[in-house]
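Please read them against the model.

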Amino acid sequence: MQYFYGMKAVYLDNAATTALRPEVIARMAEVLSNNYGNASSTHSFGRASKALLEQCRKNIAAHFKVSAGEIVFTSGGTEADNLALRSAVRDLGVTDIITSRIEHHAVLHTAEQLQHEYNIDLHFVDIDETAQVDFKNLEQLLEQSDKALVSLMHINNEVGTILDLKRVGDLCRTYGALFHSDTVQSVGHFNLDLSQLHVDFLAASAHKFHGPKGVGFCFVRKGTGLKPLIFGGEQERGFRAGTESLHNIVGMDEALNIAYKNLETEKAYVSELKSYFVETLKAKIPDVYFNAKSDDLDHATYTLVNVGLPIAPEKAALLQFQLDLKGVACSKGSACQSGSAQQSHVLTAILDDEHLQRPSVRFSFSQFNTKDELTYVVEVLEEFVNS
């Protein structure tokens, strides 16, 4: 159990961001000290940085069974999403974007802006109360579209629902559509063999798998014809101008290497934590419920759960404040909406009015959490519900 200023502190907001692994910090510090040459420079300092940069690219590509040339380093998932969506419309002739109402705003707001700028047709596939895509409706939308881009996230960042990437990819191939997936919540937590999946573009962000903030990558399948979003120099083979942030890229590479090296062990540990948390909540708060079947490990990611509590609406506003007072870090939804008075757009799309009036909280786990911490959080919630 951690303590801040003598108070218990439990961090259960790993879907928002994760703590850097000590090995990542050490590796980044080493690069900051020794590899400060610009990777675009032709002298020995620059060549050393360039070699390190390209080795990271090869390492990352190998995890997904793709070529190094298909990995474009970005400032994070949002830029990667923008790169894929904007270029698809601007440069690849896409006239229809098919997405869902529960995507991250990096996709939703970009698609809405593209509709405004280019007068594209924007379609929202039907989803059910468990946040699963209606594949029959998706196929209908593909049949009706001209040149389509489908953008659907692999793991929903608020309720954890897992999308069948292969099924979507196969449908896109059948109808000649491009497929983009925001995999920010799955890279580093799930194996993704892109040699077996019909995915054209993929977005990832290092700070979701214990790497640094401000860096990520976009997978761009060879031959798609994607063009740059940011113009200037010829870095990233012309895909993304600007001097590469080498220490961050190395930190991302180190974090990803460790994540996949330890994937099965850490997945088993975190899955056990989630199951323990769910079962303890059910025992202590009998009327608790889990939005979009987020408690089901076969349906949702092992890394998070979205909890609905049997609390009157007038009391609900105090919950987040009370949790913070007790040192519990969690979230109402995406951290990108922090401070907003609006209800989660994900929960609005899948819950009825009665359940929307009750408080829902996302708890997201990592290998740095313990059962003792979860026991404490359940005690805090039980005390609040019964007060």
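How many bridges join β10 to strand β11? The answer is in point 2.

1. This is a predicted model, in which local features need pLDDT of at least 70 and side-chain atom pairs count only at pLDDT 80 or more, while totals for chains, interfaces and linings use all residues. Residues are numbered from 1 along each chain as its sequence is written, and side-chain values use heavy atoms, with hydrogens and water left out.

2. β10 and strand β11 (residues 304-308) are joined by 2 bridges and run antiparallel. Helices (H or I, at least four residues) and strands (E, at least two) are DSSP runs, numbered from the N terminus; two strands pair if DSSP finds at least two bridges between them. Tyr-289 has Gly-308 of β11 opposite. The open sheet here has 3 strands in the order β10-β11-β13, with antiparallel pairing. Its edge strands, β10 (289-290) and β13 (360-364), each pair on one side only. Helix α8 packs on this sheet, touching β10, β11 and β13, and its direction makes about 15° with that of β11. Contact means heavy atoms within 4.5 Å.

3. Helix α8 (residues 263-284) also meets helix α13 (residues 371-386): the axes come within 10 Å and cross at roughly 25°. Axes are lines fitted to C-alpha atoms, for helices over the stretch in contact, and angles run from 0 to 180 degrees between N-to-C directions. α8 and α13 are therefore roughly parallel, a term for angles under 35 degrees. Their crossing is right-handed, i.e. the near helix is turned clockwise from the far one by less than a right angle. The contact includes Leu-273, Tyr-276 and Phe-277 of α8 and Leu-374, Val-377 and Leu-381 of α13. Its residues divide into 8 nonpolar, 2 polar and 4 charged. Ala, Val, Leu, Ile, Met, Phe, Trp, Tyr, Cys and Pro count as nonpolar, Asp, Glu, Lys and Arg as charged, and the others, Gly among them, as polar.

4. A second open sheet has 7 strands in the order β3-β9-β8-β7-β6-β4-β5, with mixed pairing. β3 and β5 (121-124) are at the edges with a single partner strand each, so one side of each has no neighbour in the sheet. On average, neighbouring strands are turned by 20° against each other, direction ignored. Strand β4 (residues 96-99) and β5 run parallel and are joined by 4 bridges. His-123 in β5 is the bridge partner of Ile-98.

5. Helix α3 (residues 77-91) packs with helix α4 (residues 105-118) at about 25°, with the axes 10 Å apart. This makes α3 roughly parallel to α4, and the crossing is right-handed. The contact residues comprise 7 nonpolar, 4 polar and 4 charged.

6. α2 and α7 pack at about 30°, again with axes 10 Å apart. That makes α2 roughly parallel to α7. The contact divides into 10 nonpolar, 4 polar and 1 charged.

7. The whole structure has 6 aromatic pairs (rings of Phe, Tyr and Trp, the last by its six-membered ring, with centres within 6.5 Å). One of them, Phe-64 with Tyr-260, is edge-to-face at 6.1 Å centre to centre and 85° between the planes; edge-to-face requires planes over 60 degrees apart. Phe-64 lies in the loop between α2 (44-63) and β3 (71-74) and Tyr-260 in helix α7 (residues 246-261), 196 residues apart.

Conventions: Parallel < 35°, antiparallel > 145°, perpendicular 65-115°, else oblique. Phe/Tyr/Trp six-rings, centres within 6.5 Å; stacked < 30°, edge-to-face > 60°.
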